[in-house]
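Take a walk through this fold with the structure open beside you. We go sheet by sheet, then turn to helix pairs and aromatic rings.

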Amino acid sequence: MRIVVALCLALAISSTVVGSELLLSSDGRSDYTIVLPQNATIVEQTAGRELQEHLEKVTGVKLPIVGETEAPSSDKLILVGPSKKAIELVGGLTPEELGHDGILVRTVAGSLVLLGDSPRGSLYAVYTFLEDVVGVRWWTSTESYLPKKPTLGIGDLNIRYAPKLQFREAFYRDAFDGVFAARSKCNGHFPRVPEAYGGHYPVLGWCHTFFQLLPPDKYFGDHPEWYSEIDGERKAGRTQLCLTNEAMRAELVQNVLKWLRAASNPGVIDISQNDWHGRCQCAKCRAIEEEEGSPSGPLLRFVNAVAEDIEKEFPDVKVMTLAYQYTRKPPKIVRPRKNVVIRLCSIECSFVETLADGEQNETFRGDMEGWSKVAHQLYVWDYVTNFANYSLPHPNLRVLGPNIRYFVDHNTIGLFEQGDAGCGIGDFVRMRAWVLSHLMWDSRKDSDELIGEFLRGYYGPAAPHLADYLDTMCDAAEKSGVYLRCFMSDTSKWLTLDTLNKATRQFDEALAAVANDPVLYARVRRERLPLDHVWLRRYQVLKRQAEREGKEFLGPADPVAACDEFLRLAEENQAGSYREGQPFGPYGEALRRRFRKPGPPPEECRDLPEDQWIDVQDNDFRFASYGTWVETVEDSAASDGYAARMPGNHPQWAVQFAMPADYADGSTWQCFARVRAEGKTEQGVAMAFGVYDGKAKKGLADRRLSMAEAGGGYHTIDLGAHKLTPDCYLWVAPPNRPGEVDAVYVDRFFFVREGAEKQ
């Protein structure tokens, strides 16, 4: 499918025809009155005010708002909320009959009725009328479009609708704004929608609550049997609870009840596994797993029992738990209680293929369809971003609509679309929030048409060029066959030099189209940042490839200046985080360091042709938990004056480098690492390092270096010859010997093509 750039406002266009049934205003004058129920709720009052304010901006006339006992006898009324007159005009239909968040927009007997299910349905009816009929658009929390229509006529209207998804949440920074969330008809946990705008559905604990409810620091000393048994030993570090322990469950229930009693009007509480593995391996837990055919068996039996206890005091509270990673597969026997919500997570999926049909998603599809058959209430936690680096292109746009329809078709009642909440310069994040919100409200909408509408309305004349760019990105990913996970640090798996050149030309055309409009130009320039980011991250490799193959190179002529501009615009647009929990500032400085003067070639590479070796300095490493497990430091002994430093107090593979697809051409490469260690001993292990194939899930090389071998300056370590793919990466880890090994330093990795001969 291709993005449709034509603005889809069929209802809005047809409703402006003068001479239609209702003429709400004529040349900036109106005889209509907004009527609220006599004892209007705070939300209904907001609905009347929102309608009044927006119609004034559109038509130039401010309609009066009155209670129903003060309403004029005229039939020229806009009835907002379930007043007696409104219910009478719609034949006695009550708001409750409309369904959860249901709305009714109907013209009858010269009046317009806008009402809905309590508490927010009438407000949603107003927003539906303003958007679908009048033509108002709220693009972001601060940017909107209001047509100018001094004469506003509307034709016959009879819209009755209730969303299939009761809980709707687009997890983007701008979407947290409560008023914008209400106008987008989102009502989930994180957007703090004011009560005057209908409120939202907070989840007590949100997720991963096992250790929130039973913190090991408090309980493990006296009750190690409440925690996971791993390899015959009870452990509390990065593990779970022993779900068959009745005493543990009793204490957890007491803590849950304390949470609920302290909450005002609790609706949903989360009782779910921690965000790691480490499930209990005791005999009782293993027996249930085997009986149920899945680790979700002991989890669901436990949660059901907790939910039964909760129901005695809080009969209306829903208990939410995760079907996540090792618990994603549904159990064979046990079924969720009616007050239990299963929150199924798609974190392992490929997002370049649909969940309903993609071969890469067959396993998830089986789990989704299994849960949909047995769960009374199914909630999906879907992933629509790239957690490895928010500010890179993420070509998943074509699956957004089909995936939401797939969820709805399989009895999903709630949807959390986890996007780039921490980043202001992600891949078209404003468009994504708008499109996803509209799809969650009505999954029947065409996502390509929604994307086209946003492009046209928000970027003006740049729209067709941006549509071409987005199609180029999606085409490239689909053609590559990449498994597009929500953790993708390496764009070389799907973004080639040719594609980047094409995409750059398309963005150049987009910017040229709005060059005379500062507002539109700034919007388009901001959306180019992920593409600029790719050029900067892969600059040296792409430059060498273009020279080697005689191809066009449309990357920046001056990468230092381009990096400075990228970082300036990132700050200007409040970049925030570059990945979940990691601030953009240090990452930006590391990006800047990529363009410092390189060190001299390694001795093993001297006099080799340039295309026969690759040198990777610390400024091209992939880091895990930068600032905690690793940092870049000045080091006069390093080849270019800088190195990656890891403290000796952890065992994490915090320094990595994955072979770019640009060089993964089937050749075999001799792999080297230049490393050193500092410490208070010359005995024992100094570090570990190796080569790992992520796709095959196996090590190609795995070595340990002793302090005797690693001390006294840098050493070049030969990791052997390997046929590297883009799924292969080199790694280095410290030994977790605090007090003995102070730090491990990595200067560079380098690779020599097998058979390379010196000139």
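In which sense do strand E2 and strand E4 pair, and over how many bridges? Strand E2 (residues 33-36) and strand E4 (residues 77-80) run parallel and are joined by three bridges. Within this pairing, Ile 34 has Ile 78 of E4 as its bridge partner. Helices (H or I, at least four residues) and strands (E, at least two) are DSSP runs, numbered from the N terminus. Strands count as paired if DSSP finds at least two bridges between them.

A word on the source. This is a predicted model, in which local features need pLDDT of at least 70 and side-chain atom pairs count only at pLDDT 80 or more, while totals for chains, interfaces and linings use all residues. Residues are numbered from 1 along each chain as its sequence is written, and side-chain values use heavy atoms, with hydrogens and water left out.

Now widen the view. E2 and E4 belong to an open sheet of six strands, ordered E3-E2-E4-E6-E5-E10, with mixed pairing. Strand E3 (65-67) and strand E10 (158-161) are at the edges; each has a single partner strand, so one side of each lacks a neighbour in the sheet. On average, neighbouring strands of this sheet are turned by 20° against each other, direction ignored. Helix H4 (residues 121-134) lies across E4, strand E5 (103-108) and strand E6 (111-116). H4 runs at about 130° to E6. Contact here means heavy atoms within 4.5 Å. Axes are lines fitted to C-alpha atoms, for helices over the stretch in contact, and angles run from 0 to 180 degrees between N-to-C directions.

Move on to the other sheet. Seven strands form an open sheet in the order E11-E19-E18-E17-E16-E15-E12, and the pairing is parallel. Its edges are strand E11 (167-171) and strand E12 (203-204), each with a single partner strand, so one side of each has no neighbour in the sheet. Strand E18 (residues 377-383) and strand E19 (residues 412-418) run parallel, joined by six bridges. Val 380 stands opposite Leu 415 in E19. Helix H11 (residues 362-374) lies across strand E16 (318-323), strand E17 (340-345), E18 and E19, at about 170° to E17. Helix H13 (residues 429-441) also packs on the sheet, touching E11 and E19. The direction of H13 makes about 170° with that of E11.

Next, the helix pairs. Helix H14 (residues 447-459) and helix H15 (residues 463-480) pack at about 140°, with axes 9 Å apart. They are therefore oblique to each other (under 35 degrees counts as roughly parallel, over 145 as roughly antiparallel, 65 to 115 as roughly perpendicular and the rest as oblique). Ile 451, Leu 455, Arg 456 and Tyr 459 of H14 meet Ala 463, Leu 466, Ala 467 and Leu 470 of H15.

Helix H20 (residues 559-572) and helix H21 (residues 584-593) cross at roughly 170°, their axes coming within 10 Å. This pair is therefore roughly antiparallel.

Last, the rings. The structure holds 46 aromatic pairs. Rings of Phe, Tyr and Trp (its six-membered ring) pair if their centres lie within 6.5 Å; planes under 30 degrees apart count as stacked, over 60 as edge-to-face and the rest as tilted. Trp 139 and Phe 454 have ring centres 5.2 Å apart and planes at 85°, so the pair is edge-to-face. Trp 139 lies in the loop between strand E7 (137-138) and strand E8 (144-145), and Phe 454 in helix H14, so the pair ties together parts 315 residues apart in sequence.
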